[in-house]
Amino acid sequence: MRPWSSSVTASMHIASNARRIARRQSARHHSALAQPQARPAPSRTPTSAKTDPYVLLAPHLEQLRTSLLTLLGSSHPSLDAIAQYYFLHPSKQVRPLLVLLFARATNGLGAEFPQVNWAADNARARQQELDAPLTRKDILCDWNPSMPDHTASFESAFELRIPPPQPSPYTPPPPLLHQMHSPALTHTLLPTQLRLAQIVEMIHVASLLHDDVLDKSPLRRGAASAPAAFGNKLTVLGGDFLLGRASAALSRLGSHEVVELIASVIANLVEGEILQMKGSGKDAAPSPSSSASSEIDLKDLHSSPSPSSSDKWSIYLKKTYLKTASLMAKGARAAVVLGGCREGEVWKEVAYAYGRNLGIAFQLIDDTLDFSSSTAQLGKPGFADLRLGLATGPALYAAEEFPELEAMIGRRFGSDGDVERALTLISSSRGVERTRELARVHAEKAREVLALLPRSEARDALEGLTEGVVKRRW
């Protein structure tokens, strides 16, 4: 074991390097969570001008930007730097945007909105708990505050000391709210919904950290990826730390249903990654010997029989839901639940259906951009999916025109010249165009379900978002 001073020195060295990297990148890219993001002008249709969601929610997005980084503090400077690294570069912020738009589009409609709104206005103790630092002293994060002070240094054993009684904060009882609530939009946002928007962004960034390790990606958001800047091990730990912080914040929202929804998203992300690695819907457990190895043998995960064309599409779209659309769908649904929507009310079903369809459309467009946009536009290497052996929508559609691609997809573009030949065939096909058409179908389905919501600026912004997702080029 290294001396304590050596560990501290190493940690400080990593933190110094991290800060130096962050400063260099910040000189080129202002933080999307610290500064207003420069974005392409939104597309307008000739017949109607949609509400720009970023303009509509600008004050709230700014609030998220200024407070999110305070949720990520730890007692280790190097861990702080890694956890905050991807927040120091521009992002589309689609996931928190969805949470806030659906909150604003539905608050006041749910039968229990009067209760949650009263709690937000009057339960001061609840608000203080929501805003308290995530590293709470009573959770024993680093040392036990009820024990003598010298235990903070870990130099001697704990000595039990009975803590003094703590006064309970007074919360006035809620009034008897009228049972016949008349649904009407309030156009407001609750503190719990603002915090949920931050939580979904934290989970998303944690997944990016882990993805970049698995995919060995050198770039992310136009800068060196976290693995390139900090190494794989610290990047994985940074992602784990973000998930831990998100879980602590999630526990304070006061809704078991929301906790279960967002926890299932984290499980979905893992399931989607495994499904992508397998490339098949069949069970293919790793061999027992691989469990003793420090690395997974991916060949064990690829040993299933090659699926049929229809199965490949089913697997591809299921993976797309698990890795991308699940967080959008369940995040939007959770926002509506926090707004007082209870079981049997249609509002949270609308949110889920919209988020699921929009999320799939979003990823389908992402998969086309891998072939049609430059590395500078994407902020990450182009043709990355093919080089990872992944067949996305454009490749699957192209294989219908050029059966030669089927064999390449089956061997995951692993033979010499496969990637180059596949690129030629995909470029000669309608694969990219047809994938965009499929994205438009999903986006249109997302737009259709919004008809169940009352007309509002937030609903208009959600409609505009369906158009923007399909038309984007970055």
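1. Glu463 is buried, at 6% relative accessible area (buried means under 20%, exposed over 50%, partly exposed in between, with a 1.4 Å probe and protein chains only). Salt bridges with shared partners tie Glu463 into one network with Arg455, Arg459 and Asp460.

2. This is a predicted model: local features need pLDDT of at least 70, side-chain atom pairs count only at pLDDT 80 or more, and totals for chains, interfaces and linings use all residues. Residues are numbered from 1 along each chain as its sequence is written, and side-chain values use heavy atoms, leaving out hydrogens and water.

3. Glu463 forms a salt bridge with Arg459, N to O at 3.6 Å (a side-chain nitrogen of Lys or Arg within 4 Å of a carboxyl oxygen of Asp or Glu). The two sit about one helical turn apart, because four residues separate them in helix 21. Helices here are DSSP runs (H or I, at least four residues), numbered from the N terminus. Arg459 is buried too, with a relative accessible area of 10%.

4. Arg455 pairs with Asp460 in a salt bridge, N to O at 2.3 Å. Arg455 counts as exposed, at 52% relative accessibility.

5. Glu457 and Arg104 also meet in a salt bridge, N to O at 3.6 Å. This pair links distant parts of the chain: Glu457 lies in helix 21 (residues 457-471) and Arg104 in helix 5 (residues 94-106), 353 residues apart. Glu457 is partly exposed, at 44% relative accessible area. Arg104 is buried, at 14%.

6. The salt-bridge count comes to 19 by this rule.
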